[in-house]
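Here are some notes for a colleague who is opening this structure. They cover the strands and then the aromatic side chains.

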Amino acid sequence: MKQAKHAALALLLLSGFSVSTKAQTPLPDAIAAPGETVVLSVHAEGAQVYECKAGADGKLAWAFREPIATLFADGKTIGRHYAGPNWEHIDGSAVVGKVSGNAPGATADDIAWLKLQVVSSRGSGVLTGVTTVQRINTKGGKLEGACDKAGAFKSAPYSAEYVFLKKS
């Protein structure tokens with residue numbers, strides 16, 4: 001019984017070590033924001049919405065339309081994310097971003113990690129002064145392939161971490 005307790009303790013310590021190691025893994029260069037400091041980091045749960053459209057080859061395929069997600073911090077809803085792309089905080093501050101870099105998700109089913117430059121902001125609050133948004137640790141959200149009816153919509157559930165940064 002004593003050996004089982006020691007083994008369980010060792011396993012617990014090792015799993016904690018791997019989590020802290022993962023948290024310190026550097027981001028891919030394409031989405032890194034050197035010289036910027038974190039203002040806010042949130043968890044998002046939602047969907048990537050796709051529309052069935054004809055591609056350049058004339059064949060129908062799923063095309064990304066917009067994200068719809070709820071932003072969480074410490075288990076509480078603190079904002080929302082939607083087309084634009086926009087991020088709104090419950091304090092009234094908001095930012096709009098434009099993609100400036102990307103890196104592949106961890107699996108083929110995960111949407112890309114992104115770096116977005118803030119192109120406009122509004123309100124006054126925690127997001128005031130934010131210059132960069134990173135989307136990291138994505139899970140799901142990808143929808144590819146043929147579809148049957150132009151104009152049809154389909155959503156793919158996803159989660160991600162959004163990191164809001166500003167220049168030091």
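1. Two strands count as paired if DSSP finds at least two bridges between them. S1 and S2 are joined by 12 bridges and run antiparallel. Please keep in mind that the model is predicted.

2. Searching the whole structure for aromatic pairs gives three. Tyr 50 and Phe 64 form an aromatic pair with 5.9 Å from centre to centre and 75° between the planes. Planes over 60 degrees apart count as edge-to-face, and the pair of Tyr 50 and Phe 64 is edge-to-face.

3. What does this pair tie together? Tyr 50 belongs to strand S1 (residues 36–54) and Phe 64 to strand S2 (residues 60–73), so the contact links parts that are 14 residues apart in sequence.

4. Are the two partners buried or exposed? Tyr 50 has a relative accessible area of 6%, and because buried means under 20%, Tyr 50 is buried. Phe 64 has a relative accessibility of 46% and counts as partly exposed.

5. A separate item concerns Trp 87, Tyr 162 and Phe 164, which form one aromatic cluster.

Methods. Residues are numbered from 1 along each chain as its sequence is written. This is a predicted model: local features need pLDDT of at least 70, side-chain atom pairs count only at pLDDT 80 or more; totals for chains, interfaces and linings use all residues. Side-chain values use heavy atoms; hydrogens and water are left out. Rings of Phe, Tyr and Trp (its six-membered ring) pair if their centres lie within 6.5 Å; planes under 30 degrees apart count as stacked, over 60 as edge-to-face and the rest as tilted. Helices (H or I, at least four residues) and strands (E, at least two) are DSSP runs, numbered from the N terminus. Buried means under 20% relative accessible area, exposed over 50%, partly exposed in between (1.4 Å probe, protein chains only).
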